[in-house]
Amino acid sequence: MKRRTFLQLGGMTAAGAWLSGCRSANERLIPYLVSPDEGVTPGRAEYYASACRFCPAGCGILVRVSEGRAKKIEGNPAHPVNRGKLCARGQAILQELYHPDRVPQPLKRTGPRGSGKFTPISWGEGLSLLAGRLSALQRERSTERLALMTTQLRGTLAELADRFVAAFGSPHHIRFDLLAPDWLRAANRRSFGQASLPWYDIAETRYLLSFGADFLEYHLSPVHYGFAFGRMRQGRDTVRGHFTYVGGRMSLTAASADRWMPVRPGSEGALALGMARLILTESLYDAASMAASGLWPERLAAGLEAYDLPQVAQLTGLPQQVIAEVAREFATTPPSLAMAGEMVAFQDNGPEAVRAVQLLNVLAGNLNRPGGVFPGGSVAGPENSFADLLAFVERMRGDRIGVALIHGDPLHTIPPVTGFPEALARVPFVVSFSPLLDDTALQADLILPDHAALESWGDVIPPVAPRGTVIGLMQPVVTPLHDTRQFPEVLMATARELGGGMAAAFPQQSYLEMLKEAMKKEVHPAGGIDFETVWVDLLRQGGLFKTEGKGGKGYRWTAEAPVPAPAEPRFAGDDKRFPLHLQIYPSTAFYDGRGAPLPWLQQLPDPMTTVVWDSWVEINPATAAGLGIGFGDLVEVTSPRGSLHLPAVLYPGIRPDMVAIPMGQGHRGMGRYAEGRGVNPLALLALADNGTGPLPAWNATRVRVARISKEGNLVTAGNPEGSYRGELIEI
Amino acid sequence: MSEPTLSAAKSAVRMNDAMLSSLRPPTLRWYLLAFFLGGVVAWGLYAFGYMVSTDMSCTGLDRPVMWGVYIVNFVFWIGLSHSGTMVSAILRLSRANWRRPILRAAEAMTVFTVTIGGLFPLIHLGRNWVFFYLIPYPNQRGLWPNFRSALLWDATAIFTYIIGSSLFLYLGMLPDLAVARDRCAGWRRTLYGALAMGWRGTAREWLIFQKASTLMAALIIPVAVSVHSIVAWDFAVTVVPGWHSTIFPPYFVIGAILSGVAAVITLMAIIRKAFHLEEFLTPLHFDNMGKLLLVIALLWSYAYFVEVQTTWYAHEPIEWEVFSFMAGRYTPALVLMLVGNSLLPLTLLCFRRIRRSVGAMLVISLLVNVAMFIERYLIIVPSLSHKNMPFVWGTYSPSWVELSVTAGAFAGFALMYTFFAKCFPMVALTDVRELEARKVLVPFARAELPSIAGKEGGDD
Amino acid sequence: MEKQTSPYRWGMVVDLDRCTGCGACVVACQAENNVAICGKKEIAEGRNMHWLRIERFWVGEYPNVRARFLPVLCQHCRDAPCEPVCPVYASYHNPDGLNGQVYNRCVGTRYCGNNCPYAVRVFNFYSHQWPKPLDNQLSPDITVRPRGVMEKCTFCVQRIRRAKEDASGEGRLVRDGEVQPACAQTCPAEALVFGNLADPRSRVARLVRSPRRFRLLEHLGTHPSVYYLKGGGREHV
């Protein structure tokens, strides 16, 4: 026996003797003498590569596992999207795994819907219940009455879900995400003839002009762009990239800008076109780029006649001089880059406004050049899933859906104005796969709990990567804590239970097998190399990262593309009764609300307001003073759709005619940390009436605000007065 | 104007009777008082126990205000303890004979207040149960406390002061204990006999007693000054705006003496009434103490002015922020402090009639101590509330636990005093009698008037 | 200046021009160091346990308003005000220039917390609990602090120690970039850079020579090991 071991044992014996009064000494000694299974070394941590599926960005992660328990999530340095970096949300998914209120096994509803009364059942029982319902549909020859609703899945999971629905004989796989970039794909198709998502080369740009694109918070790939932003600022020896932000509310992204242009909501497109016109009339455009895109400067200028500077200044509420200055800087500081984001797209005239911003990139010659914008290597996705959603709601309303399988929490993330909640209530059998009792699960008849992300297999295809093929691989890093099963496994098991054509559609034994097959197709292992070796390698590095590869077809303004023509913005609610614009924005911590059950994220002070554990409404101090509202007062926000009570935050970075509420809180369920906390602002949203069909114009609702009382119960991490006293520490 | 002086015909026995009256068996009222005080102490102990057994979240403390009412109490009680030193030692050395009837009360107060004050740093610890880490005891791992910490200086100074003032009290009481021994029977006789250590009152004993008393008086003064300087250093040596000030040590000492003297006046008024010692504690004594209070209130006002004036003139942003915050949020308290510590004593104590009115003096002295408590609060809490980093500014208000412990401390002090008064001679018997003995009739024109300005020392 | 007895002097550079205020570092720190989960009540009482916070300051008024972010963590001062005031040496200076905190030794006088001008020390007013199975996330490398104890940023000393052990096992010094605290590791914009200030070729040492450099409350003479780089360039306020 080595001296060290002896001392260790001696120490343990002593400690054991000391503690033997309260518990058996053996209990404490054994793990040190008999080494546990699975090659676990006490005190030595292992790292497992995986991928994050919390938001669509799809970053690579490394999970530190110690003695069979996941301890910490870090970014995977090998992953080209996040390069070892990770946002707050990605690190917090550890708490999804160990959440104290997870659904530990399948549940069957016993009380009325929404009462939260469930009985635990076994998986066998749960699966046969589901299969029974499905085979009933088969017997009735009404297989189209099955609907599967998921978030916008990609990769094998999307394929599997599609296959399940198709094999069953239903056309209804609804893939709706409130924040999905459908609008960007659609605009790209209209302007450039290809629906791929763009990849912005922020790191190399010298002048970044963001129209409501909050790329540091949630837009497309926040960690990827956050990394690029750091390099744009200080990554080059002599150049510091300049950043101007256009938007009525100073978002976290806008807070990092050198210049903030608080534009009137809905006039962003007009601003972009006004700048375009100025660039054209002052001949500051990039002639080569214009020629390559087949645009004639004179003709284009003539098309933009309406957007002369005084007119644009009036529409946007910005000084003429500022608009002209930014337009000139943008055109004369190559490479420059204009981005359009959700805050523009979710206006009533959003689709055209986004294209107006794209036109700026054409004018300044920013297409397909370093520091500009490239087509991303990402796969195509839905371009108008909102229309699918509305059609689906219509079907449910007409009692034409018999079984709805729901993965995700649409009841929380779909604005009630779509009629979704009432329509879902009419569906006779609703199945939820949520790992927590979220709003949707509370309304479900059967809950078949999914694994936590860290217990799952999967492939994660990031929507934004420079070029080439990037597929992140998820692998279970711990043995499952509860009696849960992964969503794709449940679909496959159900198919097997149904038998016949359904079972035949899934020849693989498990989802893992399917995943491996898909990866095998991607890597084409050279002759002689065993795929298992390749597979283990892929798992070890966290996925397949082929970043050199092809560049893809570059962007080019298509000949058919019309000149962007954003209409005059329309809003739900008249400006007399509802004098303020409402902006709903994804919370930095919770994204669309999926982060709300995680206490680390609840405790994380919102970067802009430093509020913790709550919802709030941001009001310009001048407006608040006019309404007699003080910091932290409880106020009522009323829209044509309804009203909410929540505390007010006096926010100097917002237009006086605007208020803003973050998304993410207001869950009816979702465990002890989220339940009943804050409000869900989506309840306020109304759809602006637009003759051409419904648009997801989430930022086109007007509201009014009234003070209720002093008891807002608002908690901020920072002292509200001290937050204005930066001069005391010379900041 | 005739002074109510002691009658020349008064016999030693009568004097002994009067001055040892407090030792008579307790009355029902005494028991009621003791029970009431005991109840409050028990409540305070319960609150403390609750805090220790749960956690410190039941206090009002937070970040950045990590010190609150406990430390206010600490400074306040240590301040009060300057009564005994001031009245007893300084007046002994300066041979002010009017001190004699009150010095016992003052010395006892010193011992009790410093004991209670010394408890507060232990009460306020996050982990009271490992308080012994603060004590330099030899241990195998060679871990010693950090003598660079002002808290350890505190501990050292306070222990010295407790020991010193206890000795001082005990030494002064020695002949009285012998008198009490001779007049008592039963357990009291045994107790006083043991404590009197065989005092017989021989000339040699008196000589040694005289020397020792004078020596102790001379020694205790620097200790007292150092104690409160060190308490002030707890604050002054930090980098907290509003604390980091060179005026703090003398300012704290002056404040301590102010509250000490005021507390002695309060006690004099109470003892005089409770034990019917009107004969010994005359308005003359109140007059003299009033003069002393007036002088010290003047000094305090000067120190406060200096502190504010330098801060205002320098206008260092964060320091001035602390002052403006304090003046804004705590305006009523600030006004009360200035009135109680400065305005009222400075105006009223100029009038002899007020100085000689026991009731007025009681009110003024109580007000001074209320104001001193506020002063400690306004030094400690606002400075921490608005420290250097504006983002983490905070506020503080004491919780029921802290207030209960504070109430318990006040009741505990009163209870100790009540017990002490019942067990030991409250008036320095031999000192007073010595004065009587020295009293000579001084020819004044055609009359012979008693003088209390007899000379001390062994040379006459 | 004291004699340097260690080849390391750990320091950090916070580039405020890169910092976007996203809060990734805050969660990273909390996850790495077993920092307690604090509910709304606790934070309302001013007892948030975060070791690292992002301060947000508003400058100016609408529309010429700016928000500035300032990540504040323990500054690991060379002349740290928290150290001498601790009566039991729970707060001490290690040879690598870190301000250590010995939780076992701490008696909870909170004197260090008062004397820290940066207010980065947090006190366990509460006895914190992790409802099961959330306790599984607790890292075995770091003590779970009991109530009544002061705690603070350690620059992830457990990582530093491991890196030093690994390096000394190979008979070399810790390489630049080999060890990073959780906050710097995760920072998407690379606003936080950690390294050895004693090595003039390290990345931190090079960044510290930037003219944009400043230190927090420099006039107090605490000589922090955390340097900040001012946001630079043309600002249109």
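A residue counts as buried when its relative accessible area is under 20%, as exposed when that area is over 50%, and as partly exposed in between. The legends below apply these classes to a predicted model.

Figure 1. From C-alpha to C-alpha, A:A301 lies 38 Å from A:D237 in space, while 64 residues separate the two in sequence.

**Figure 2. Overall fold of chain A.** The secondary structure of chain A comprises 26 helices and 25 strands. Its radius of gyration, 27 Å, is close to the 27 Å that the globule rule gives for 731 residues, so chain A is as compact as a globular protein of that length. Along the principal axes, the C-alpha trace spans about 85 × 70 × 70 Å, and 63% of the 731 residues of chain A count as buried. Among the contacts of chain A with a separation of 6 or more, 73% join residues 24 or more positions apart.

Figure 3. Chain A has a mean pLDDT of 89, with 92% of its residues at 70 or more. Where pLDDT is low, the predicted coordinates should not be read in detail.

**Figure 4. Two cis peptide bonds, one in chain A and one in chain C.** The bond from A:P334 to A:P335 is cis, with omega near -10°, and A:P335 lies in the loop between helix 14 (320-332) and strand 12 (336-340) of chain A. In chain C, the bond from C:K132 to C:P133 is also cis, with omega near 0°; here C:P133 lies in the loop that runs between strand 6 (122-123) and strand 7 (150-151).

**Figure 5. Positive phi angles at A:E67 and A:W613.** Most residues other than glycine have a negative phi. A:E67, although not a glycine, has a positive phi of about 50°; this residue lies in the loop between strand 2 (60-66) and strand 3 (69-75) of chain A, and is partly exposed, with a relative accessible area of 36%. A:W613, likewise not a glycine, has a positive phi of about 55° and lies in the loop between helix 25 (599-603) and strand 21 (617-619) of chain A. With a relative accessible area of 4%, A:W613 is buried.

Terms used: Residues numbered from 1 in each chain as written. Chains lettered and ligands numbered in written order. Predicted model: local features only at pLDDT ≥ 70, side-chain atom pairs only at ≥ 80, totals over all residues. Heavy atoms only, no water. pLDDT = per-residue confidence, 0-100. Helix = DSSP H or I, 4+ residues; strand = E, 2+ residues; numbered from the N terminus. Rg over C-alpha atoms; globule rule 2.2 N^0.38 Å. Buried < 20%, exposed > 50% of the residue type's maximum accessible area, 1.4 Å probe, protein only. Contact = heavy atoms within 4.5 Å.
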